[in-house]
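Colleague: Could we walk through this model together? I have a few questions for you.

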Amino acid sequence: MISRGPTRPRAAVAVVTLALVVDMFLYGSLVPLLPVLPAVAGSTGAAGLLFAAYAVAMLVATPVVGRWVDRSGPRAPLLAGLIALAAATVLFAAVVDVPGTVGLAVLSLARAAQGVAAAASWSAGLALIASTHPPERRGTVMGLALSAIGFGVLLGPAVSGFLADAFGPRAPFLLVAALAAADAVARILWVGPTADAPASAPLRVVARGPRAGLLIGLTALGAAAIAFAEPVLPLHLSALGLGATGIGLVFGASALLGGLAAPLAGMVTDRLGAARVAALGTLVAAAGFVLCGLPVAGASIAGVLVVGVGAQLVLAPTLVLIGALAEHIQPPAYGAAYALYNLAYTAGLAVAPLAAGTAAALAGVGATTIAAAAVATLTGTWLLLRRAPAPSPQGAERPRE
């Protein structure tokens with residue numbers, strides 16, 4: 001029986017967490033399959049297109065879903081997102097072995113459908129949490145729900161690589177279908193009517209808040225470091241002799257190490273400042289990119305792991321920055337602050353795969369990863385040398401950067 005009662009806070013958190021895990025599981029499941037997809041055929045440009053299609057669709061859909069949520073509440077967009085998720089799963093499974101332009105076009109449509117589903121999950125999910133939790137709890141609960149992304153990123157490549165080697169490239173999508181069914185049950189049964197979402201400051205107002213530029217820059221940079229590796233390095237590792245299982249485990253281990261490093265980075269952010277911790281992350285990622293492009297399997301694997309740690313060191317301070325940005329407005333504008341974070345993250349996901357795929361197709365993997373290392377090094381140096389902002393005119397104490 002479908003629930004008609006109001007959505008309970010715990011149910012809201014459970015639904016949003018599951019939705020984000022499923023979306024990111026499906027997103028990451030493509031990584032180890034790239035070398036065996038006939039439509040990709042070893043092309044780094046085609047691989048970059050598949051990853052960018054997800055991010056561009058999410059970027060375009062997010063404002064539309066946001067307006068829909070404002071008008072109708074989060075339940076309808078969350079349920080509509082299931083259609084996009086189902087379409088992505090069906091399309092992937094249907095053309096996973098279709099070569100050429102047709103296969104690539106339909107796979108790109110599937111990735112775009114997944115991006116639309118993610119826009120619904122992120123936008124409507126954060127609104128659902130905001131409408132079911134008091135202001136003093138929203139920041140903690142939203143951060144907890146978004147931490148679920150790491151589980152999807154961790155499990156997607158590792159599990160899909162094993163399933164593809166053991167049962168064929170369609171097998172991962174049977175698992176995704178089962179996860180999507182569980183997600184559907186949760187959304188239908190647990191998401192009922194909600195109170196009107198609390199009024200939030202316009203995004204443009206929040207974007208002018210304290211250290212908003214640093215938040216946007218670090219978020220996009222951390223996402224780009226992750227996304228830069230995804231279309232290029234699976235093909236590189238495959239050429240060095242790794243199968244789908246091995247590639248999936250490498251990227252899964254990278255996500256795991258990054259997830260373990262993130263809490264430590266968050267703990268030292270208050271002491272060292274967000275900019276310094278992020279600078280360390282960019283320098284670590286730079287070292288990883290140098291290793292990634294080497295024609296030696298062990299060095300390239302180590303590089304993927306190091307890049308994962310560096311990216312999370314860049315992203316970890318953003319959780320502190322989100323809180324400060326949201327709370328400078330009363331009542332705290334957590335929804336708008338997290339929306340700004342999501343848009344910055346998605347922008348990084350959109351640009352990096354296209355840049356990586358195009359550069360690798362033109363200049364080769366080695367030159368591309370060296371260029372990425374150079375950009376990361378310059379960025380880290382700038383973060384270390386930049387001057388901290390002056391104290392506010394009121395003399396209020398501000399966190400160090």
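This is a predicted model: local features need pLDDT of at least 70, side-chain atom pairs count only at pLDDT 80 or more; totals for chains, interfaces and linings use all residues.

Colleague: How far apart are the end C-alpha atoms of helix α2?

Modeller: Helix α2 covers residues 44–72, which is 29 residues. At 1.5 Å a residue, α2 should span 42 Å. The model agrees with that, as the end C-alpha atoms are apart by 41 Å.

Colleague: Where in α2 does the kink lie?

Modeller: Look shortly before the proline P63. The kink there is about 35 degrees, and the residue at which it lies is A61.

Colleague: What is the radius of gyration of the chain?

Modeller: The chain has 16 helices and zero strands. For 401 residues the globule rule gives 21 Å, and the chain comes close to this, so it is as compact as a globular protein of that length. Its radius of gyration is 20 Å.

Colleague: Which element gives the most to the lining of the largest pocket?

Modeller: That pocket has a volume of about 920 Å³. Its lining counts 36 residues, with S147, I149, G150, G259 and Q312 the closest to the centre. The lining divides into 24 nonpolar residues, eleven polar and one charged. With nine residues, the element that gives the most is α11.

Terms used
Residues are numbered from 1 along each chain as its sequence is written. Side-chain values use heavy atoms; hydrogens and water are left out. On a 1 Å grid over the protein atoms alone, a cavity is a set of points where a 1.4 Å probe fits but cannot get out, and a pocket is an open set with protein on both sides within 12 Å along at least five of seven lines; lining residues have an atom within 4 Å of a point. Grid points are joined across faces, edges and corners, and a volume is the space filled by probe spheres set on the points. Helices (H or I, at least four residues) and strands (E, at least two) are DSSP runs, numbered from the N terminus. Ala, Val, Leu, Ile, Met, Phe, Trp, Tyr, Cys and Pro count as nonpolar, Asp, Glu, Lys and Arg as charged, and the others, Gly among them, as polar. The expected span of a helix is 1.5 Å times one less than its number of residues. The bend at a residue is the angle between axes fitted to the seven residues ending there and the seven starting there. The radius of gyration is taken over C-alpha atoms; the globule rule is 2.2 Å times the number of residues to the power 0.38.
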